[in-house]
Amino acid sequence: MLNSILMMNRRQAIKNIGLSAGYIAATPAILSVLQSCTAEIQLNWIPELLSQDEAKVLDQLVDLIIPETDIPGAKSLNVGMFVDRYMNQVAQEEEAGMFKQTAGIVLSELGISEEKPVKKVKIEEYDALLSKYLRSSKEQQETYEEEMEQIKSPADFEKISKDAKVFLFLSAVRGLSIWGFKTSEEIGENVLAYAPVPGEQIGCDSVEKLTGGKAWSL
């Protein structure tokens, strides 16, 4: 019963795009479904910046950040591909380099090696990684952010802690995932409040009345 209530809350949260506070923690039911589908991770896109293993990890992370319910999730919308291409084609070269470097650190955090390939990483391990950093205390996150504020050049990046680097990577993935999800055609037209031809301006009324509680499509 509790899982059903959590699932309903998650669906409503996704429909309203109330995602800015963090990633949506997966329930045991979601973890079970995802685990059954990960004997071998297959990419349906070709990474430009990341390696194959890094891209597979990215796909699993975005799948947990915005999982599929009764609407498409981040993975099925190829949000992982969006993140990789944005960092490769749009972000500054220094930012792309730091993102690529921290992707390798994340693989190490998950224990990925020749003895433990990506396919052997359990969904619970990805979820634990997200929880450790994105659900850490406010004080801890402020400490990571203070370290990141010291980065003025690629050389400065080498001076910050490993944990701050992982937090930086996961925060970037979360932010880009939410952006890519919200701006996808499927979500923009079929989930968010969508008006291809703007109508009259109504300045003073509730979102619940105007759009049923949904955010406007960008």
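Q: How are H3 and H5 oriented to each other in this predicted model?
A: Helix H3 and helix H5 (residues 93–109) pack at an angle of about 75°, with their axes 10 Å apart. Angles of 65 to 115 degrees count as roughly perpendicular. H3 and H5 are therefore roughly perpendicular to each other.

Q: Which residues in H5 does H3 meet?
A: From H3 come Asp53, Glu54 and Val57. The residues of this contact divide into four nonpolar, one polar and three charged. On the H5 side, the partners are Lys100, Ala103, Gly104, Val106 and Leu107.

Q: How are H3 and H6 oriented to each other?
A: Two packed helices are described by the angle between their axes and the distance between the axes. For H3 (residues 52–65) and H6 (residues 123–134), the angle is about 70° and the axes are 10 Å apart. The range for roughly perpendicular is 65 to 115 degrees. H3 and H6 are therefore roughly perpendicular.

Q: What classes of residue make up the contact of H3 with H6?
A: H3 brings Val57, Gln60, Leu61, Leu64 and Ile65. H6 brings Ile123, Tyr126, Asp127, Leu129 and Leu130. By class, that gives eight nonpolar, one polar and one charged residues.

Q: How many aromatic pairs does a search of the whole structure find?
A: Rings of Phe, Tyr and Trp pair if their centres lie within 6.5 Å. Among the residues linked by ring pairs are Phe82, Tyr86 and Trp179, which form a cluster. The search of the whole structure finds six aromatic pairs.

Q: What kind of pair do the rings of Phe82 and Trp179 form?
A: Their centres are 5.6 Å apart and their planes stand at 80°. Planes over 60 degrees apart count as edge-to-face. So the pair of Phe82 and Trp179 is edge-to-face.

Q: Are Phe82 and Trp179 buried, partly exposed or exposed?
A: Buried means under 20% relative accessible area, and exposed means over 50%. Phe82 has 27%. Trp179 has 40%. Phe82 therefore counts as partly exposed, and Trp179 also counts as partly exposed.

Q: Is the pair of Tyr144 and Phe167 stacked, tilted or edge-to-face?
A: The pair links Tyr144 in helix H7 (residues 138–148) with Phe167 in helix H9, 23 residues apart. Both residues are buried. The rings are 5.1 Å centre to centre, with 35° between the planes. Stacked needs under 30 degrees and edge-to-face over 60, and this pair is tilted.

Q: Which residue lies over the face of Phe157?
A: A charge sits over a ring if NZ of Lys or CZ of Arg is within 6 Å of the ring centre and within 35 degrees of the ring normal. Here the distance from the ring centre is 5.0 Å. The residue over Phe157 is Lys165.

Q: What is phi of Asn78 near?
A: Asn78 is in the loop between H3 and H4. At 22% relative accessibility, Asn78 counts as partly exposed. Its phi is positive, in a residue other than glycine. The value is near 60°.

Q: What distance separates the C-alpha atoms of Glu94 and Ser153?
A: Glu94 is in helix H5. With a relative accessible area of 40%, Glu94 is partly exposed. Glu94 and Ser153 are 59 residues apart along the chain. Their C-alpha atoms are separated by 7.8 Å.

Key. Residues numbered from 1 in each chain as written. Predicted model: local features only at pLDDT ≥ 70, side-chain atom pairs only at ≥ 80, totals over all residues. Heavy atoms only, no water. Axes fitted to C-alpha atoms, helices over the stretch in contact; angles between N-to-C directions. Helix = DSSP H or I, 4+ residues; strand = E, 2+ residues; numbered from the N terminus. Parallel < 35°, antiparallel > 145°, perpendicular 65-115°, else oblique. Contact = heavy atoms within 4.5 Å. Nonpolar A, V, L, I, M, F, W, Y, C, P; charged D, E, K, R; others polar. Buried < 20%, exposed > 50% of the residue type's maximum accessible area, 1.4 Å probe, protein only.
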